[in-house]
Amino acid sequence: MDDKLSNPKTTIEIIKKHKFIFQKKFGQNFLIDTHVLDKIINAAQITPDDMVLEIGPGIGSMTQYLAETARQVAAVEIDENLIPILKETLNNYKNVQIIHEDILKINLEQFVRQNNGGRPVKVVANLPYYITTPIIMRLLEEDIPIDNITVMIQKEVASRMQAKAGSKDYGALSLAVQYYAEPYLVANVPPNCFIPRPKVGSAVIRLTRYSSPPVKVQNTKLMFSLIRASFNQRRKTLQNGLYNSPDLSFSKEQIAKAIEILGLPATVRGETLTLEQFAKLADIFSLPNGNPF
Ligand code: SAM
């Protein structure tokens, strides 16, 4: 690969040639640092057998690296102005499929089944930051065969995904991510690696999907309702958080009893509970007929 699209000079030439105008609403910050791209590709552990799903290829800078490493790349881009540019910049890569779609609307499970025989894909992206959480949650929660997800996101969101119980960044996102996957911070990336420069720091994180979750819980939906309720009212007691949640309808006594069974003090705050403790709490609330209340 002599001329990398991610070379700052090349990127600017392409943008000028096509009179491309960056759209803030699509979170467009293109990567112009080859070292960062090398790190992302290495971290994603792509083999020549792999199919990679890329979200938001932009002008194709990362796609070019992926196409050189993987068997097949499917790149989903929402901005119609980028489609003719991608067709030109990636013209030499016959293993790239450009899909003009919104990643939140496409049926990914069906797509992977049809295009990769249902075998797991790898997801690699410099994500549009305005929809990081909905994209990641879709990829984790839905029944899409995925090995790992290696993505550039806001540094602060990466810290939240990795945070452990009791730390300041710990929250519903930490627990949701850590229920499905093992997070690993690949690199911190400063704003000058992009054009235009984002206002925030960025980080590359890899989420390796667990084949089965690290905790067992009878009712996952209830566990996540408890988690959301606990973090809706930060710095309040767990008891108040659960009692005041519009999604839950347990009495004060039931909640107090459940916390006691869990072996925690009545004044415990939700943000100190581990994933395992939330799973146990959900199981206590799932006991037959609401027993032992
Ligand atoms: N991958 C390119 C790079 O690294 O230079 C571009 C990354 S840029 C941060 C995010 C890309 O996602 C943009 O190309 C943007 O148009 C695209 N995008 C934004 N929202 C999207 C959506 N809902 N579905 C698919 N692509 C989207």
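## Close-up views of a predicted model

**View 1. Make-up of the shell around the ligand.** The ligand is surrounded by 23 residues, of which Leu31, Gly56, Glu77, Asp102 and Asn126 are the closest. Sorted by residue class, the shell consists of twelve nonpolar, six polar and five charged residues.

**View 2. Packing of helix 8 against helix 9.** Helix 8, spanning residues 172-180, packs with helix 9, spanning residues 220-232, at an angle of about 155°, and the two axes are 9 Å apart. Because of this angle, helix 8 counts as roughly antiparallel to helix 9, the limit for that description being over 145 degrees. Helix 8 makes the contact through Ala172, Leu175, Ala176, Tyr179 and Tyr180, and helix 9 contributes Thr220, Met223, Phe224, Ile227 and Phe231. The residues of this contact comprise nine nonpolar and one polar, with no charged residue among them.

**View 3. The cis peptide bond at proline 196.** Isoleucine 195 and proline 196 are joined by a cis peptide bond, for which omega is about -15°. Proline 196 belongs to the loop that runs between strand 8 (194-195) and strand 9 (202-209).

**View 4. Backbone of lysine 19.** Lysine 19, a residue other than glycine, has a positive phi value, near 50°. The position of lysine 19 is in the loop between helix 1 (8-17) and strand 1.

**View 5. Aspartate 283 and the residues it touches.** Aspartate 283 is part of helix 12, which covers residues 275-285. Leaving aside residues up to four places away in sequence, aspartate 283 touches Lys216, Val217, Gln218 and Asn219. With glutamine 218 there is a polar pairing, in which a polar atom of the aspartate 283 side chain lies 2.9 Å from the backbone nitrogen of glutamine 218. Valine 123, 160 residues apart from aspartate 283 along the chain, has its C-alpha atom separated from that of aspartate 283 by 33 Å.

Conventions:
Residues numbered from 1 in each chain as written. Predicted model: local features only at pLDDT ≥ 70, side-chain atom pairs only at ≥ 80, totals over all residues. Heavy atoms only, no water. Near = heavy atom within 4 Å. Nonpolar A, V, L, I, M, F, W, Y, C, P; charged D, E, K, R; others polar. Axes fitted to C-alpha atoms, helices over the stretch in contact; angles between N-to-C directions. Helix = DSSP H or I, 4+ residues; strand = E, 2+ residues; numbered from the N terminus. Parallel < 35°, antiparallel > 145°, perpendicular 65-115°, else oblique. Contact = heavy atoms within 4.5 Å. Polar contact = N/O pair within 3.5 Å; in protein donor to acceptor, adjacent residues only side chain to side chain.
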